[in-house]
Amino acid sequence: MSGVRRRQAAAGVSSSGRHGVAQEEDACRNPRFHFDLWFYFTLQNWVLDFGRPIAMIVLPLEWFPLNKPSAGDYFHMAYNVITPFILLKLIERSPKTLPRSMVYICIITFVMGASIHLVGDSVNHRLIFSGYQLHLSVRENPIIKNLKPETLIDSFELLYYYDEYLGHSMWYIPFFLILCIYFSGCFIPIKEEQQRIPVAALLLIGPSSLYYWYLVTEGQIFILFIFTFFALMALVMHQKRKGLLMDSNGRFLFYSFIITLVLIALWVGWLWNDKILRKKYPGVIYIPEPWAFYTLHMSNLHSAKGESI
């Protein structure tokens, strides 16, 4: 009997020791601002995601024939590898131990969704060179509506569905879910001195917020974004009741989302009376895509300038 008690006591000591080590490791992790990761994350978002369609249009067509991957496709391939890597590094640096299984499932789904989008978006943007107009629906496009047999139009609508709906959903839902999981670990006790947000974070908030504006408007994911923002707000209020406040990383992410909402409101207000875009986005939530605006207004302006010259 005494031997059993000794084994139970030893197991208890070992368990408490492991638990204490885990708590000590969590406490020792420095909640400093991860400038390197946030900088690389913002930079690659701008270059590989926002710059993707620009590279596709600007670089000479002779370099990337229409039956081969474009420069933007290679940008997208790099994005599909680098982004999940940086997200995993952010999770690793979290001061809290986060649910790894959920993170891995999100990363796998993210890569699959972004890869689906890569194919659909590649074909859709290549169609621009043939006269495809992004501000019109698939069936209203001049180069599509007269196709024979008409079942070909269904195939293009299927491609659009993979690009704009399935691909975006499997790409963006896990993306924002990972940010929420990361944000849940960005809190420190109120009794600790809360330092001011670093200058480096202030310099990155503008580019980061502007990218999220592009992501939400071009990806047509405002509902997902606003629910993510509400989830962050709920976490802030819940943690405050427990005596915890956001650290510098949490404030950087939260303030970026707030500025993004302001930018979206300004964008919608500016294009509120655009009748053509209103026709393409007839729902209650009216948020035009930047590239639809470009093909409707800016491309016509450039062609008019070329004709005048």
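1. In what order do the elements of the chain run from the N terminus on? The order is α-α-α-α-α-α-β-α-α-β-α-α-α, comprising 11 helices and 2 strands. Helices (H or I, at least four residues) and strands (E, at least two) are DSSP runs, numbered from the N terminus.

2. The model is predicted: local features need pLDDT of at least 70, side-chain atom pairs count only at pLDDT 80 or more, and totals for chains, interfaces and linings use all residues. Residues are numbered from 1 along each chain as its sequence is written, and side-chain values use heavy atoms, leaving out hydrogens and water.

3. The largest pocket has a volume of about 930 Å³. A pocket here is an open set of points on a 1 Å grid over the protein atoms alone, where a 1.4 Å probe fits, with protein on both sides within 12 Å along at least five of seven lines; lining residues have an atom within 4 Å of a point. The volume is the space filled by probe spheres set on the points, which are joined across faces, edges and corners.

4. Of the 42 lining residues, Tyr160, Glu164, Tyr165, Gln220 and Glu289 lie nearest the centre of the largest pocket. Helix α6 (151-183) is among the elements that each supply at least two lining residues, and α6 gives the most, with 10 residues.

5. Methionine 233 belongs to helix α8 (residues 222-241). This residue counts as partly exposed because its relative accessibility is 31%, between the limits for buried (under 20%) and exposed (over 50%), with a 1.4 Å probe and protein chains only. Buried residues form 41% of the 309 residues in the chain.
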